Structures are given as structure tokens and as C-alpha cells.
Amino acid sequence: MAGRHKHESESSCASCESHPEKPTPANDVVLNKYIEAGKIGQQVMQEIIPKIVAGASVAQLCIDGDKRMLELTANYKRADTKLKRGIAQPVSISVNNVVCGYAPLLSDEDTILQDGNMAKIELGVHIDGFIGTCAHTVVVGASKDNKVTGLQADVMTAAYNGMELAIRMLRAGQFKSTEVSAKIDDLALIYQVKPIENVLFHQMEQDVLDLEMNKYVMLNPSDDQKPKIATYEFEPFEVYAVNIFMSTGDGKTKNHTGRTTVYRRLDDAAYNLKMKASRTFYSDITQKHGTLLFNIRDFGDENKAKMGVVECERHGLLKSYPVCSEADRTYVAQFKSTVIIQPNGLLKTCAVPLDTEVVDSKVEINNPEIKKILMSSLKPKKKGAQKAAAPAAEPEA
């Protein structure tokens with residue numbers, strides 16, 4: 001993705017001499033907001049997962065998930081009326097080869113889940129702009145008595161272990177961003193799957209989910225992207241949305257026929273909108289969502305929202321999150337977690353573990369370096385602690 005640069009007038013230069021520091025989890029108040037947002041996001045995810053059943057409407061599941069995020073965040077410190085809180089990323093549920101972004105309007109053609117579908121659920125919550133976001137993959141109808149096996153199990157386990165591997169490589173001062181990408185490629189090869197091409201996972205900040213100017217890790221870069229990739233080191237008190245997609249296909253995506261419904265406002269863009277519907281729409285975005293992601297269904301009148309979004313996007317006021325897909329008859333799995341780099345290790349604030357009693361991949365990881373990283377603890381043992389027992393087969397959540 002191309003970087004964008006904020007432009008300031010000469011008259012603002014005097015105020016630039018003493019920029020306030022950006023709030024980070026080094027501050028306990030900020031850390032607690034990240035943790036609380038993560039808890040709410042995780043709770044909503046855990047409530048949605050059992051509703052992924054045959055006959056369920058994807059549109060209704062997305063609507064209900066968004067309502068639940070708003071309910072739970074509204075109840076957090078309800079007495080503090082000035083505290084911003086709510087949705088950082090609306091619920092999307094992308095099925096089978098659909099990679100991401102599928103959150104249809106009620107007026108759009110819906111998807112009804114069927115047994116055997118692979119569903120990727122993605123969402124995000126914020127408290128005062130500090131974000132907890134996660135994604136999880138399930139197979140409709142799977143259970144301990146009807147396990148996920150074969151290619152579906154392999155691609156899901158690869159994506160989950162890819163997330164766990166990437167998380168552990170975020171330790172401050174140990175790995176570089178391009179090394180994370182290379183290790184994810186190595187892991188995918190073990191499972192005979194492919195990371196989705198050119199996917200970025202970003203450093204997050206207050207009110208910022210995926211700003212292009214922030215640090216990032218690019219997975220499976222295409223040949224034209226490889227020369228453009230920056231290399232970053234990871235530092236204490238940075239926050240990342242570690243987001244891993246794996247595919248049973250070749251990892252290349254294409255536009256899907258589903259309508260784009262998820263957008264965010266670009267705060268460094270300016271244009272005098274001509275249509276009243278567009279001005280009303282843009283004003284609502286600014287007040288309700290700031291620079292965080294939203295679904296256009298939030299604005300009540302879908303027809304006015306559709307008109308408003310066209311002019312706003314045409315003139316560069318919005319960034320779209322289009323629905324994209326892999327080749328037909330392929331499966332794509334996704335797992336995402338919010339991670340805070342701390343001086344003494346790593347903290348997950350929003351994640352749901354893979355249910356290995358339901359997902360049964362027969363692939364074994366024999367690469368000693370990958371295995372060592374996966375089995376490492378998120379936080380080092382305290383000095384003087386008793387010798388650890390044999391590591392568990394499952395990376396810790």
C-alpha cells in the first residue's frame with residue numbers, strides 16, 4: 001500500500017515544536033483500556049462462534065454482532081459520558097474462498113450457512129480509541145464427534161500456528177519484520193498451503209487500526225511488492241493486530257461480487273461535498289466513528305448511505321475495505337489477535353484459541369527453529385522458578 005503524508009500549513013509550525021507523545025501501553029491507564037477492549041471483543045467473538053450453524057443468515061449474524069459490541073461497550077464505565085467507546089471494526093463473516101470484508105446489507109443478497117462451510121469471523125472494539133480486534137475460523141457443523149479433517153484442518157491449523165508464530169516473533173529486539181514474513185512462508189510450506197498474497201498486519205495506535213505510515217509485516221509479497229517492502233524492528237509498548245490468512249489455493253485474490261460495505265474516514269483528506277446526502281453521511285461518520293471502521297448500514301437509510309458513500313469515496317475522503325476472494329473451490333482460514341509488546345514479554349488482549357479437539361490436522365512440524373519459537377512462552381519464567389514441565393502440544397493462548 002502506498003504511504004500517505006499529512007500536510008501542515010506554515011502557521012502550524014510553531015505548535016509542531018512540542019508534539020505531545022502518543023499514548024502507549026507504557027501508561028497503565030492506556031494498558032487497561034487496551035485490555036478491556038480486548039476482553040469485550042473476545043466475549044463477542046465467543047458469543048458469535050456457537051451461532052455459526054447451518055441455516056444461519058450471515059447478514060443477521062453481522063448485525064447482531066455489531067449490536068452486541070455496542071451494548072457491551074456502552075456498559076463499560078457508563079457514568080463516564082465523555083469516554084469514546086464502540087466498534088473499531090464491524091463484524092464480517094466471510095465463507096469458504098471469500099477472504100475478508102463480507103458484511104452484507106439487508107437489501108443485498110444474503111449468504112445462508114451450510115454444513116461444511118468454512119466461516120471467518122472478524123471484529124474489533126475500542127475503548128477511548130484503544131483497540132481490541134480478533135478473527136477466528138470455524139467449520140459449520142463441526143464437533144468433537146464430527147471433526148474437521150483433511151485440507152480444511154490443515155489450512156486452519158496453519159493459519160492458527162502462523163498467528164502464534166508471528167506473535168512470538170514480535171519480542172522486542174529479536175526479529176525483524178521481514179524475518180516474520182519469511183517464517184510464515186516456511187510454516188505454510190509445511191502444511192502445503194499458501195499465505196494470502198500481500199496481506200499486511202499493522203502496528204496500531206489510538207484511533208488507528210491500519211495506518212499505512214505505521215510499521216507493518218507483509219505476508220507472501222508479490223514480485224512487484226518485494227522491492228518496496230520496508231524492514232522494521234519491534235519495540236516495547238508497540239501494539240499489533242497480528243492477522244494471518246492461509247489458503248488451499250495459490251494465495252492470489254480477486255474482487256468478489258459482494259458489495260463493499262466497510263469503510264473508514266481518512267483524516268488527512270479534504271473536499272467540499274456537493275450533495276446534501278453526502279454531507280450528512282460524512283458528518284455522521286466523523287461524529288460516530290472518527291477514523292475507525294464502520295459499516296454503511298449503521299446510517300439507517302441504506303439508499304442515502306449508498307449515495308453518500310459514492311461521492312465521499314470518489315473524492316478520497318474514505319478508504320474502502322472491499323470483499324475479495326480466492327479461486328472457487330478453495331478454502332481460506334484466518335486468525336487474528338491483538339498483541340502488546342512489553343519489556344518482559346508479550347500480552348495477548350483479544351484472541352480465541354483453536355479448538356484442537358474439533359480440528360484434527362495430521363501434519364507435524366519438524367522444523368526445529370519454528371518448533372522452538374512456537375513452544376516458547378509469551379512471557380519468560382521468573383528467575384528462581386521451578387524447572388518448567390514438558391511443553392504442551394498447543395501454543396499458549
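1. In this predicted model, helix α4 (residues 150-168) and helix α8 (residues 368-375) have axes that come within 8 Å and cross at roughly 80°. Because angles of 65 to 115 degrees count as roughly perpendicular, α4 is described as roughly perpendicular to α8. The residues in contact are Asn161, Glu164, Leu165 and Arg168 on the α4 side, and Ile370, Ile373 and Leu374 on the α8 side. Sorted by class, the contact of α4 with α8 comprises four nonpolar residues, one polar residue and two charged residues.

2. Confidence should be read alongside these features. The protein chain has a mean pLDDT of 90, and 90% of its residues reach 70 or more. Residues 1-18 have pLDDT below 50; apart from near neighbours in sequence, this stretch has 18 contacts in the model. The pLDDT is also below 50 over residues 385-397, a stretch with 20 contacts in the model beyond near neighbours in sequence.

3. An unreviewed UniProt entry carries the annotation "domain: Peptidase M24", which covers residues 34-208. In the model, the chain over residues 34-208 is 38% helix and 24% strand. The end C-alpha atoms of residues 34-208 are 13 Å apart.

4. Strand β10 (residues 262-265) pairs with β12 in the antiparallel sense over three bridges. Tyr263 has Ser320 as its bridge partner in β12.

5. Strand β13 (residues 324-325) is joined to β2 by two bridges, and β2 and β13 run antiparallel. For Val98, the bridge partner in β13 is Ser325.

Note on methods:
Residues are numbered from 1 along each chain as its sequence is written. This is a predicted model: local features need pLDDT of at least 70, side-chain atom pairs count only at pLDDT 80 or more; totals for chains, interfaces and linings use all residues. Side-chain values use heavy atoms; hydrogens and water are left out. Axes are lines fitted to C-alpha atoms, for helices over the stretch in contact, and angles run from 0 to 180 degrees between N-to-C directions. Helices (H or I, at least four residues) and strands (E, at least two) are DSSP runs, numbered from the N terminus. Angles under 35 degrees count as roughly parallel, over 145 as roughly antiparallel, 65 to 115 as roughly perpendicular and the rest as oblique. Contact means heavy atoms within 4.5 Å. Ala, Val, Leu, Ile, Met, Phe, Trp, Tyr, Cys and Pro count as nonpolar, Asp, Glu, Lys and Arg as charged, and the others, Gly among them, as polar. UniProt positions are given in the numbering used here, feature names are shortened, and annotations may be inferred rather than shown by experiment. pLDDT is the predictor's confidence in each residue, from 0 to 100. Two strands pair if DSSP finds at least two bridges between them.
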